[in-house]
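Here is a short briefing to read alongside the structure.

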Amino acid sequence: MTFTAIDFETATGYHPCSVGIVTVENGVIVDEFVTLIKPPNNEYNPYTIRVHGIYPSDTLNAKTFLEVFPEIQKRLQNRVVVAHNESFDRNVLSKSMDLYGLKYEDLNIGSRWECTVKIYKSKGLKPTTLSDCCRAMKIQLNHHEALSDARACAKLYLLK
């Protein structure tokens, strides 16, 4: 099993404030990457702050998505990509790329990713939130911390 798991935390809408990426080669986690991202105008929705605990002061001096993108690209390009609720993370990536004039198609990762929500729903697990799936599969999780979420997603995918 060779793939990359990704999780974004967002500041507003589809504007990321953090990304966690876990690279798996032949069933083994071989690389982990996490960084804060300064969203446009460093603006946050108070609700998202309550969810993940990232504040504008945390990202004031962080790199923008455009500055972080080379790290994201080298980990995702030409890979099978996995996310928990893949449509959310895929939209964050594609809309952020579009905002900066980057072409999603250039990543060569497909218009749909592997989705651990769909996988565990098909197994009959309810509800299928990341925390519920992790609890059922006995995977440690610090929920809404991008690297922990991406790592948990990778482990869920490995157990599918």
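How do the residues of the lining of the largest pocket divide into nonpolar, polar and charged? There are five nonpolar, eight polar and four charged residues in that lining. Please keep in mind that this is a predicted model.

**The pocket**
- The largest pocket has a volume of about 400 Å³.
- Its lining is made of 17 residues, and the closest to the pocket centre are Asp7, Phe8, Phe88, His143 and His144.
- At least two residues of the lining come from each of β1, α1 (46–52) and α4.

**The sheet**
- Five strands form an open sheet with mixed pairing, in the order β3-β2-β1-β4-β5.
- At the edges sit β3 (28–36) and β5 (114–115), each of which pairs on one side only.
- In general, strands of a sheet pair through backbone hydrogen bonds, either parallel or antiparallel.
- Here, β1 (residues 3–12) and β2 (residues 15–25) pair in the antiparallel sense, over nine bridges.
- Within this pairing you can find glutamate 9 opposite serine 18 in β2.

**Helices on the sheet**
- Helix α4 (residues 86–99) packs on the sheet and touches β1, β2, β4 (81–83) and β5.
- The direction of α4 makes about 70° with that of β1.
- Helix α7 (residues 146–158) also packs on the sheet, where it touches β1, β2, β3, β4 and β5.
- The direction of α7 makes about 35° with that of β2.

**Where the topics meet**
- Helix α4 packs on the sheet and also supplies at least two residues of the pocket lining.
- Strand β1 pairs with β2 and likewise supplies at least two residues of that lining.

How values were computed
Residues numbered from 1 in each chain as written. Predicted model: local features only at pLDDT ≥ 70, side-chain atom pairs only at ≥ 80, totals over all residues. Heavy atoms only, no water. Pairing = 2+ DSSP bridges. Helix = DSSP H or I, 4+ residues; strand = E, 2+ residues; numbered from the N terminus. Contact = heavy atoms within 4.5 Å. Axes fitted to C-alpha atoms, helices over the stretch in contact; angles between N-to-C directions. 1 Å grid on protein atoms, 1.4 Å probe; cavity = no way out; pocket = protein on both sides within 12 Å on 5 of 7 lines; lining within 4 Å. Points joined across faces, edges and corners; volume = space filled by probe spheres on them. Nonpolar A, V, L, I, M, F, W, Y, C, P; charged D, E, K, R; others polar.
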